[in-house]
Number of protein chains: 2
Amino acid sequence: MKIVILGSGNVATQLAEALRKVGEEIIQIYSRRLKNANELALKVNAKAIDNLNQVDASADVYLIAVKDDAILEVSQELKNFKGVIAHTSGATDIDVFSSEIENFGVFYPLQTFSKNRKVDFREIPICIEANNISSLETLKNLTSKLSEKIYEIDSEERITLHLAAVFVCNFSNHLYALAADILAAKGLNFDLIRPLIAETAVKVMENLPSQVQTGPAIRNDELTIKNHLELLQNSSDLKEIYEVLTRSIILKYK
Amino acid sequence: MKIVILGSGNVATQLAEALRKVGEEIIQIYSRRLKNANELALKVNAKAIDNLNQVDASADVYLIAVKDDAILEVSQELKNFKGVIAHTSGATDIDVFSSEIENFGVFYPLQTFSKNRKVDFREIPICIEANNISSLETLKNLTSKLSEKIYEIDSEERITLHLAAVFVCNFSNHLYALAADILAAKGLNFDLIRPLIAETAVKVMENLPSQVQTGPAIRNDELTIKNHLELLQNSSDLKEIYEVLTRSIILKYK
């Protein structure tokens, strides 16, 4: 398949490299900034472009991995093409595409991406959706080369998935960051709790999280909760988070 | 060394098995319930007891791995012994031990334990504290057989560590549980986000969490935040958690 990637951020970078690795032909990388397009294009042997008028009309798939609020604008410039135009956003409905576009869909890899950290795509669930059977087949073909975990997911389901992803990824990472701040304030190294972070995640690979909940809240250990809140008395932000999550745990398991 | 373990819960079980594995002699397992003491004693070739009067006075180390609020009571029954009496609690000050006890301390493995999931003790930071140099040496010797990560941590530092542990372990796991609920309500499988949970944790093994924060809050993506809150409008608990954590992320990175 001939593929054009629109975008040069974390998702675009990881996706382009993974597709190239499995032998797909990336013909162009588009970015508003030619420098960024060039940087990624070099890695995947593609041509860099910075103008949507230059997009090759003969590609089989156009993967739009730009900021959510730019998907509409980018897709409008591709509307006479025959190839499948797909965005990669968890939070964006398939209806973002105008009915003037013939073949379109969504290709959402459910993972957190950094530019410089390679992830194993075979382990990543990829959620696809399309406006017709031939577009769906094209996206399925493409996905099957990358991952064994292909899910047909409609837009409503995908937005629910994206919300759940915010809880387990963005919010959990923020709790890690707050813990790092708590430790740093006492001169303690973040290394001390890294093994605990790893084990907490590993535990739910085979269990449901509600089966392995531990800690003072589920034990209703009022003394420890009181001591923790005292330690947090000078930080209204941390104290509020501690209280809200503790209350939620007690509520769930009472 | 001859060791007595007081307790038969998750920490006691994992600790007894790990000590036995590195060749230490566990002479007794105490539990208020003989059945529980027996179950663990069988695994580690020890004698089960259910009465504190039966505790062997000749052990080198007594590890108290009972509920926090029972540590005082258990330790009172051991006060004429010469061996080092140490509790394993993150949340309990070393001062819990009466001055009538000669040698005492704390042996706190910073990890989350389940009864049936073996953990690799060599990777677990073990925080130790003692009331005198000889007790400290005894605890160091014991620790060095289990783990390469020995930290001398005083009670104030340890309670801070325990608070940080609640954030990264208990609270993160609760976010996983809430995400599982969000998915289940739409008939979506928790498997879909397991790879994301794993990657989120792996990312901070080499980075600080504040360096890898992603998501709508840090991007100040108001539309996505608004859409997520609409999805949560029928759950005041989830909505409050979403709002509090989103506000905290915005506050931290603004």
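Predicted model: local features only at pLDDT ≥ 70, side-chain atom pairs only at ≥ 80, totals over all residues.
View 1. Residues are numbered from 1 along each chain as its sequence is written, chains are lettered from A and ligands numbered from 1 in the order in which they are written, and side-chain values use heavy atoms, with hydrogens and water left out.

**View 2. Chain A by itself.** Chain A has nine helices and eight strands (DSSP runs numbered from the N terminus, with helices being H or I of at least four residues and strands E of at least two). Its C-alpha trace spans about 65 × 35 × 30 Å along the principal axes. Of its 254 residues, 56% count as buried (buried is under 20% relative accessible area, exposed over 50%, partly exposed in between, with a 1.4 Å probe and protein chains only).

**View 3. Helix H8 of chain A against helix H5 of chain B.** H8(A), residues 222-231, and H5(B), residues 155-185, pack at an angle of about 100 degrees with their axes 10 Å apart (axes are lines fitted to C-alpha atoms, for helices over the stretch in contact, and angles run from 0 to 180 degrees between N-to-C directions). That makes the pair roughly perpendicular, a label for angles of 65 to 115 degrees (under 35 is roughly parallel, over 145 roughly antiparallel, and the rest oblique). Thr224(A), His228(A) and Leu231(A) meet Ile159(B), Thr160(B), His162(B), Leu163(B) and Val166(B), where contact means heavy atoms within 4.5 Å.

**View 4. Helix H9 of chain B and what covers it.** H9(B), residues 236-253, has 18 residues and reaches 26 Å from its first C-alpha to its last, close to the 26 Å expected at 1.5 Å a residue (1.5 Å times one less than the number of residues). Its buried residues include Leu238(B), Ile241(B), Leu245(B) and Ile249(B). What covers the buried residues includes H5 and H9 of chain A, together with H5, H7 and H8 of chain B.

View 5. Ala180(B) sits in helix H5 of chain B and counts as buried at 16% relative accessibility. Beyond its neighbours within four places in sequence, Ala180(B) touches Pro209(A) and Phe190(B). Thr92(B), in the loop between strands S5 and S6 of chain B, is buried too, with a relative accessible area of 11%. Leaving aside neighbours within four places, Thr92(B) is in contact with Asp68(B), Ile71(B), His87(B) and Arg158(B).

**View 6. Asn220 in both chains.** Most residues other than glycine have a negative phi. Asn220(A), though, has a positive phi, near 55 degrees, and so does Asn220(B), also near 55 degrees. Asn220(A) lies in the loop between H7 and H8 of chain A and is partly exposed at 43% relative accessibility. Asn220(B) is in the loop between H7 and H8 of chain B, partly exposed at 42%.
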